[in-house]
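Thank you all for coming; I would like to walk you slowly through one structure this morning. Please have the sequence and the model open while I talk.

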Amino acid sequence: MTAAYELLPGADGSPVILHVPHSAREIPAAVRAGIVLDDTALARELDHITDAHTAEIAEVAAGSAGPAPWRFVNRLSRLVVDPERFPDEREEMLSVGMGAVYTRTTHREVLRPGDGDPEPLIERYFRPYAQAMAEAVAGRLAATGRAVVVDVHSYPSAALPYELHGEGPRPQVCLGTDPFHTPPELLEAAREAFAACGETGLDSPFGGTYVPLEFYGKDARVSALMVEIRRDTYMTEPGGPPGPGLGRLGAALARLVDAVSG
């Protein structure tokens with residue numbers, strides 16, 4: 001069985017963790033049994049919901065940055081659990097059936113029965129992932145005195161029905177921020193790093209960033225930024241192969257890693 005997640009070590013002195021939560025398509029058989037879509041519809045949904053090739057973008061960045069960042073990669077589909085959602089009523093995506101355990105698809109169709117209990121999946125997959133990510137951040141704090149979490153995501157060029165804020169700008173690169181964990185110098189470094197990749201925007205169509213809950217809003221030594229890359233800049237949509245833009249974006253991400261590693 002595919003491991004649920006993987007921590008790929010970087011340099012001992014690097015504070016950076018590239019977090020790749022949505023790049024995989026793997027769904028364990030026991031989880032697949034609870035999804036009502038047939039195989040064709042599920043494959044189509046995975047094309048839309050997966051941040052395809054973002055693990056490869058992070059891999060390119062890790063290979064060319066110095067010192068090498070650490071990478072925390074989800075090896076299972078977000079249709080198993082979404083590790084970046086709040087696991088409770090704080091999650092605004094619950095309104096469209098996309099909390100930590102999705103019950104609706106990107107097109108607001110039924111994915112799982114709405115009266116199902118999400119707790120078994122949260123206990124089996126969500127909590128261990130969150131704990132492992134918290135331990136990875138704690139490791140960087142212990143080694144370097146700080147941690148920089150860079151979320152690596154992608155999003156479609158045209159809004160999908162599930163998006164709550166899809167009416168806003170859709171730049172080539174969207175930078176998601178948090179008022180406590182995203183310092184101005186991190187944001188500026190990202191804008192400079194991705195300048196060669198097209199327009200960069202702020203918190204549209206997706207905002208915020210990921211910090212493990214035990215540090216969230218409490219520990220300013222943990223800084224964080226979400227990098228959302230518009231898919232038509234590096235791949236064929238939806239769910240198709242990557243193109244030459246992948247290498248260019250990997251190089252830009254490496255520039256960001258270098259800028260914040262010193």
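In which sense do strand S2 and strand S4 pair, and over how many bridges? Strand S2, residues 16-20, and strand S4, residues 147-155, pair in the parallel sense over 4 bridges, and within that pairing Ile17 stands opposite Val149 in S4. When I say that two strands pair, I mean that DSSP finds at least two bridges between them, and the helices (H or I, at least four residues) and strands (E, at least two) are DSSP runs that are numbered from the N terminus.

Before going further, a word on what we are looking at. This is a predicted model, in which local features need pLDDT of at least 70 and side-chain atom pairs count only at pLDDT 80 or more, while totals for chains, interfaces and linings use all residues. Residues are numbered from 1 along each chain as its sequence is written, and side-chain values use heavy atoms, with hydrogens and water left out.

Let me place that pair of strands in the sheet. There are 7 strands in an open sheet with mixed pairing, and their order is S1-S3-S2-S4-S7-S5-S6. At the edges we find strand S1 (5-8) and strand S6 (200-202), each of which pairs on one side only. From one strand to the next, the twist averages 20°.

Helix H4, residues 119-144, lies across S1, S2, strand S3 (70-74), S4 and strand S7 (222-230), and runs at about 160° to S2. Helix H5, residues 184-193, lies across S4, strand S5 (173-176), S6 and S7, and runs at about 30° to S7. For these angles, axes are lines fitted to C-alpha atoms, for helices over the stretch in contact, and the angles run from 0 to 180 degrees between N-to-C directions; contact itself means heavy atoms within 4.5 Å.

What about helix H3, residues 54-64? Here Thr54, Ala55, Ile57, Ala58, Ala61 and Ala62 are buried. Seen down the axis of H3, these buried residues fall within an arc of 160°, so they line one face of the helix; the arc is that of the directions from the helix axis to the C-beta atoms. They pack against S2, S3, S4, S7 and helix H6 (245-261).

That brings us to H6 and its contact with H5. Two packed helices are described by the angle between their axes and the distance between the axes. The axes of H5 and H6 come within 8 Å and cross at roughly 145°. On the H5 side, Leu186, Ala189, Ala190 and Ala193 meet Ala252, Arg255, Leu256, Ala259 and Val260 in H6.

Finally, some features of the backbone. Most residues other than glycine have a negative phi, and most peptide bonds are trans. His53, in the loop between helix H2 (39-49) and H3, has a positive phi of about 70° although it is not a glycine, and at 15% relative accessibility His53 counts as buried. Arg108, in the loop between S3 and H4, likewise has a positive phi, of about 65°, but Arg108 is partly exposed, with a relative accessible area of 43%.

Where are the cis peptide bonds that I would like to show you? One joins Gly66 and Pro67, with omega about 0°, and Pro67 lies in the loop between H3 and S3. Another joins Glu237 and Pro238, with omega about -15°, and Pro238 is found in the loop between S7 and H6.

Definitions and conventions:
Buried < 20%, exposed > 50% of the residue type's maximum accessible area, 1.4 Å probe, protein only.
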